[in-house]
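Work through the following exercises with the sequence and the coordinates side by side, and try each task before reading its solution.

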Amino acid sequence: MAKRKEKAVHRSALLEPNAAGIDIGAQEIYVAVPPDRDEHATRRFTSFTCDLQALADWLQGCRIRTVAMESTGVYWIPLYQILEQRGFEVYLVNAHYLKSVTGRKSDVSDCQWIQYLHSVGLLRASFRPPDAICAVRSLWRHRSSLLQMASEHTLHMQKALSQMNLQIHHVLSDITGVSGLAILDAVLAGERDPVHLAQLCHAFVKTPREIVAKSTCRRLPAGAPVHAKAISRWLSLL
């Protein structure tokens with residue numbers, strides 16, 4: 001009788017009996033469903049698209065309505081999109097929140113633990129904007145990454161210019177501006193006349209042209225061709 005009461009209490013504690021838990025990795029994905037839905041309640045899938053579709057088919061065959069997964073890197077995005085298109089209610093859970101939940105047993109796998117927590121209503125879904133906003137956000141983040149990489153390439157160019165004793169970056173506020181790029185392109189094309197290089201400055205440049213000309217007088221170190229090729233490569237990445 002005590003065991004029956006314990007089972008009854010356990011069943012009544014389930015707020016979502018049609019819940020599944022997913023542990024996502026770079027190459028393998030482990031999925032757990034309630035024990036009464038399949039002979040093998042825990043299965044392993046690879047991260048290929050065809051296997052992700054098979055995963056969704058299996059969940060539908062097990063009458064799963066809602067799925068919880070951990071937001072691991074960017075590995076969750078393809079599966080999230082497939083499950084959302086199939087009509088599942090997907091909970092994207094913060095990894096820090098999962099680790100803060102106490103009471104986990106050592107013999108329970110991650111996907112089973114996520115499935116249990118989701119079935120008893122202890123998981124909270126993170127905010128996921130609509131697809132249109134996600135696309136704009138991806139473009140915005142990509143732009144930020146490109147700007148950060150461009151600043152790093154600019155620092156590399158300044159270091160190479162210092163090694164060749166070309167002091168352009170000290171007399172021009174921005175070597176990636178119109179004047180700086182014009183002078184660098186001319187130097188890479190073989191121009192060596194400081195006066196001609198100084199005349200390439202835009203009319204808005206306030207630095208005297210004789211100072212610009214002095215900054216383009218350079219020595220020829222042993223590694224000058226290497227530095228020039230490196231600058232040419234970084235310019236192509238800007």
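**Exercise 1.** Determine how far helix α5 (residues 110-119) is enclosed, and by which elements.

*Solution.* Begin with the burial count: 7 of the 10 residues of α5 are buried, so this helix is largely enclosed by the rest of the structure. Here buried means under 20% relative accessible area with a 1.4 Å probe, protein chains only, and helices (H or I, at least four residues) and strands (E, at least two) are DSSP runs numbered from the N terminus. Next, list the buried positions, which are Cys111, Trp113, Ile114, Gln115, Leu117, His118 and Ser119. Then look for their partners: these residues pack against β1, β2, β3 (42-46), β4, β5 and α4 (95-100), where contact means heavy atoms within 4.5 Å. Finally, step past the end of the helix, where Gly121 takes a positive phi of about 80°.

The model is a predicted one, in which local features need pLDDT of at least 70 and side-chain atom pairs count only at pLDDT 80 or more, while totals for chains, interfaces and linings use all residues. Residues are numbered from 1 along each chain as its sequence is written, and side-chain values use heavy atoms, with hydrogens and water left out.

**Exercise 2.** Find the residues that touch the most other members of the largest nonpolar core, and trace the elements that supply this core.

*Solution.* A nonpolar core is a set of buried Ala, Val, Leu, Ile, Met, Phe, Trp, Tyr and Cys residues joined through side-chain atoms within 4.5 Å. The largest one has 25 residues, of which Ile22, Leu55, Leu59, Met69, Leu79 and Leu83 touch the most other members. At least two core residues come from each of β1 (19-24), β2 (28-32), α2 (49-61), β4 (66-70), α3 (76-85) and β5 (89-93). Taking Leu55 as an example, and leaving aside residues up to four places away in sequence, one finds that it touches Ile22, Ile29, Val31, Phe45, Leu79 and Leu83. Apart from this core lies another, of 20 residues, among them Ala160, Leu161, Ile183 and Leu197.

**Exercise 3.** Is Val212 buried or exposed, and which residues does it touch?

*Solution.* First place Val212 in helix α10 (residues 209-215). Its relative accessibility is 0%, and therefore Val212 counts as buried. Beyond residues up to four places away in sequence, Val212 touches Val171, Ile183, Ala198, Cys201 and Thr207. As a distance check, the C-alpha atoms of Val212 and His169, 43 residues apart along the chain, are separated by 10.0 Å.

Conventions. Buried < 20%, exposed > 50% of the residue type's maximum accessible area, 1.4 Å probe, protein only.
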